[in-house]
Amino acid sequence: ASFFFSESKSRDRATTLACLTIFLAELGLSFLWLLSQAFRWWPMRRTAFPDRLPEDEELPPIDVFVCTADPDKEPTVDVMNTVVSAIALDYPPEKLHVYLSDDGGSPLTLQGMREAYDFARWWLPFCKRFGIKTRCPKAYFKEEEEDGEGNGMSSENEFGSERKKVKEKYELFKERVNEYRKRHQGDSSHTGRDHPPTIEVIRGNVPDEVMQAHQDPMPKLIHVSREKRPSHHHHFKAGALNVLLRVSGVMSNSPYILVLDCDMYCNDPSSARQAMCFHLDPRLSPSLMLVQFPQMFHNISENDIYDSKIRRYFSTCCVGMDGLKGPILSGSCSYIKRESLYRKPMQEGFDLMDLKKLFGHSNEFIKYLWQKEKPSKNTTAGDSAALMKETQLLTSCGYENGTKWGQEVGFMYNSVVEDYFTSFTLHCKGWTSVFYTPSKPQFLGTATTNLNDMLIQGMRWYSGLSRVGISRFCPLIYGSLRMPNLQSMCYAEVSLLPLYCLPICCFATIPQTCLVNGISIYPEVSSSYIMLFAFIFLSSLCKHLYEVVASGHSVQTFLNEQRIWMIKSTTCYVYGTIDAIMTQIGMRRASFLPTNKVDDDEQSKRYEMGIFDFQTSIMFLAPMVTLVILNMASFIGGVARVLTLGGFDKLFMQIALSFFVLVMSYPVIEAMVLRTDKGRIPRSVTILSAFLSLVLLLLGSSFLM
């Protein structure tokens with residue numbers, strides 16, 4: 001009798017511990033849910049009126065920063081399409097300066113810029129003459145129907161003739177870039193991690209006298225490749241942007257900066273004028289640091305199985321924060337006030353030594369800190385040897401030593417999500433931002449369209465976000481003292497998003513293990529308390545469904561978002577959090593890998609068909625498949641137990657939970673059992689995951705018994 005009493009007591013303690021763990025998981029979900037409500041407190045949508053802007057002569061200059069790092073993962077022709085679309089913005093050309101940061105120091109990228117500049121000399125006059133609205137050549141020539149291309153001043157035959165001529169120039173441009181790639185393929189003399197600085201004002205390969213027929217003024221195009229040495233930390237994209245900030249400070253010094261990813265082309269040439277509507281508004285301008293446009297993508301299928309639109313962030317989070325102090329800087333598609341990146345207005349009378357401690361020992365750069373206009377008319381022409389020497393200094397890998405770059409000025413370091421961290425510190429200092437969504441997408445980029453790239457990109461993002469969340473800059477502590485509480489809650493929800501992995505992993509394992517052992521941890525069906533659980537669960541799903549439908553999307557989008565959230569919670573949320581903790585305590589260094597922009601035909605075909613592609617690392621597949629098999633086993637075992645031994649009233653909630661997980665995991669089950677194509681889950685992974693799920697069940701059962 002004493003033996004059975006002891007066994008029963010031990011079992012009760014294990015059951016109590018399981019219930020307590022689930023309770024803590026529910027508290028964690030409730031806490032994250034509470035933070036997310038800050039986005040819904042005061043949403044705002046804006047309208048711009050570009051026709052009310054001053055004359056072109058009075059518009060402020062703009063510098064455009066485009067960043068690329070690896071010509072193998074970021075095809076040079078696509079990068080140059082982004083550059084050409086930026087050159088072709090509807091803005092006074094003498095007030096537009098385009099800088100390309102070539103972080104790999106690739107000769108192919110430099111040659112591509114020269115070829116792109118030659119092509120742009122034909123492309124810009126063509127666009128202006130015929131009123132072309134799609135200024136990205138690749139996107140324009142892909143369109144099957146032209147709408148609104150004529151301006152009534154030229155005949156259709158003349159337009160067709162010019163269009164054919166420009167298309168031939170575009171094909172020639174692509175051919176020359178690809179030929180250069182083939183000729184220099186396998187050249188081992190160059191490495192992207194160890195190279196000297198290179199700055200060149202691009203003039204193209206065609207002599208100016210050949211282009212006399214095209215005398216339209218052209219924006220300046222500058223190639224910048226900073227010095228990189230293995231012994232120096234280069235701080236990834238934030239380091240590249242800070243170099244562009246310094247170089248442009250002595251070459252053009254425009255008060256506003258457009259930041260673009262290399263694959264994010266300008267889809268509408270009017271974005272600069274629309275952004276200036278906010279930057280020049282006297283009510284907003286004094287404290288306005290940036291105007292953020294949503295990131296949209298041209299390669300997303302109708303089904304969007306990987307949630308590549310990032311709908312929740314741009315449709316809910318950014319719109320909600322716009323009603324507070326403004327949205328988070330999203331890394332691309334943003335017009336930033338240069339002055340805000342210097343953290344405080346520069347005024348004459350500052351002590352020179354203090355400025356050098358902040359910004360470094362370049363006298364030329366410091367001279368222009370408080371100068372609003374361009375340094376001189378001849379500066380960007382590149383004729384000054386002294387200027388070129390100065391830019392070499394500003395791009396050297398040791399320039400930032402002993403300065404406050406990345407700590408108090410410029411784009412912030414200490415996190416691979418430099419956009420989030422930079423806007424957070426700026427909002428803490430009192431700056432505001434604006435989110436603007438016009439009817440026509442202003443920028444279009446390339447989204448991740450396979451599971452592997454999505455999870456790798458996600459792991460990088462969530463590692464950076466988690467690192468901010470667990471550092472001294474935690475928004476709930478550091479931010480709540482320096483910005484409104486709702487704004488700090490928004491920042492906290494984004495930085496703590498990876499912590500969803502903890503409650504989700506609990507819900508995916510503990511109730512299932514208890515179900516197999518016949519242990520009930522939820523109220524019985526006959527209990528009135530079950531209504532509370534059902535209400536919370538169903539209302540959460542209904543709220544999500546409402547937001548999806550209200551933003552113009554379908555029920556399928558709702559299912560896809562739920563599915564991807566569960567996949568991320570058991571993969572990149574987990575690894576991102578672990579990586580952040582290890583980086584924070586010094587066990588490893590932060591790393592950054594550019595997302596692959598090269599299309600795979602088979603993967604693209606499966607994506608268009610709405611079929612998941614599971615060609616990814618086993619470190620992503622194993623946890624996901626293990627939990628799915630565990631839920632399959634618990635569901636089958638639970639139903640069998642109820643049918644043979646009874647107890648449906650007690651175990652219904654756990655059976656329903658396992659069934660819900662299986663419904664959301666149908667693509668995983670299909671890839672394990674039914675599919676035979678390359679995108680299926682390998683048999684070896686299925687066997688390993690089955691073994692791991694068996695181990696989990698045995699360990700859980702032994703603990704509960």
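Helix α20 (residues 555-569) packs against helix α24 (residues 648-664) at an angle of about 105 degrees, and their axes are 9 Å apart. That angle makes α20 roughly perpendicular to α24, a term used for 65 to 115 degrees, while angles under 35 degrees count as roughly parallel, over 145 as roughly antiparallel and the rest as oblique. Axes here are lines fitted to C-alpha atoms, for helices over the stretch in contact, and angles run from 0 to 180 degrees between N-to-C directions. Leu559, Gln562, Arg563 and Met566 of α20 meet Phe660, Val661, Val663 and Met664 of α24, where contact means heavy atoms within 4.5 Å. By class, the contact of α20 with α24 has 6 nonpolar, 1 polar and 1 charged residues. Ala, Val, Leu, Ile, Met, Phe, Trp, Tyr, Cys and Pro count as nonpolar, Asp, Glu, Lys and Arg as charged, and the others, Gly among them, as polar.

The model is predicted: local features need pLDDT of at least 70, side-chain atom pairs count only at pLDDT 80 or more, and totals for chains, interfaces and linings use all residues. Residues are numbered from 1 along each chain as its sequence is written, and side-chain values use heavy atoms, with hydrogens and water left out.

The protein has 26 helices and 11 strands; helices (H or I, at least four residues) and strands (E, at least two) are DSSP runs, numbered from the N terminus. Of its 705 residues, 54% are buried, meaning under 20% relative accessible area, with exposed over 50% and partly exposed in between (1.4 Å probe, protein chains only). Among contacts between residues at least 6 apart in sequence, 84% join residues at least 24 apart.

Met624, Val625, Val628, Ile629 and Met632 of α23 make the contact with Val668, Ile669 and Met672 of α25. By class, this contact has 8 nonpolar, no polar and no charged residues.

The whole structure contains 40 aromatic pairs. Rings of Phe, Tyr and Trp (its six-membered ring) pair if their centres lie within 6.5 Å; planes under 30 degrees apart count as stacked, over 60 as edge-to-face and the rest as tilted. One of the pairs is Tyr462 with Tyr573, edge-to-face at 4.7 Å centre to centre and 90 degrees between the planes. Tyr462 lies in helix α14 (residues 451-469) and Tyr573 in helix α21 (residues 572-584), so the pair ties together parts 111 residues apart in sequence.

Tyr522 and Phe533 also form an edge-to-face pair, with ring centres 5.6 Å apart and planes at 80 degrees. Tyr522 is in the loop between α18 (510-516) and α19 (530-550), and Phe533 is in helix α19, 11 residues apart.

| Residue | Relative accessibility | Class |
|---|---|---|
| Tyr462 | 7% | buried |
| Tyr573 | 3% | buried |
| Tyr522 | 10% | buried |
| Phe533 | 26% | partly exposed |

Elsewhere, Phe119, Trp123, Phe126, Phe130, Tyr140, Phe141, Phe159, Tyr170 and Phe173 form one aromatic cluster.

The structure holds 0 disulfides, a disulfide being a pair of cysteine sulfur atoms within 2.5 Å. For Cys266, the closest cysteine sulfur is in Cys333, 8.4 Å away and too far for a bond. Cys266 is buried, at a relative accessible area of 1%, and Cys277 is buried at 16%.
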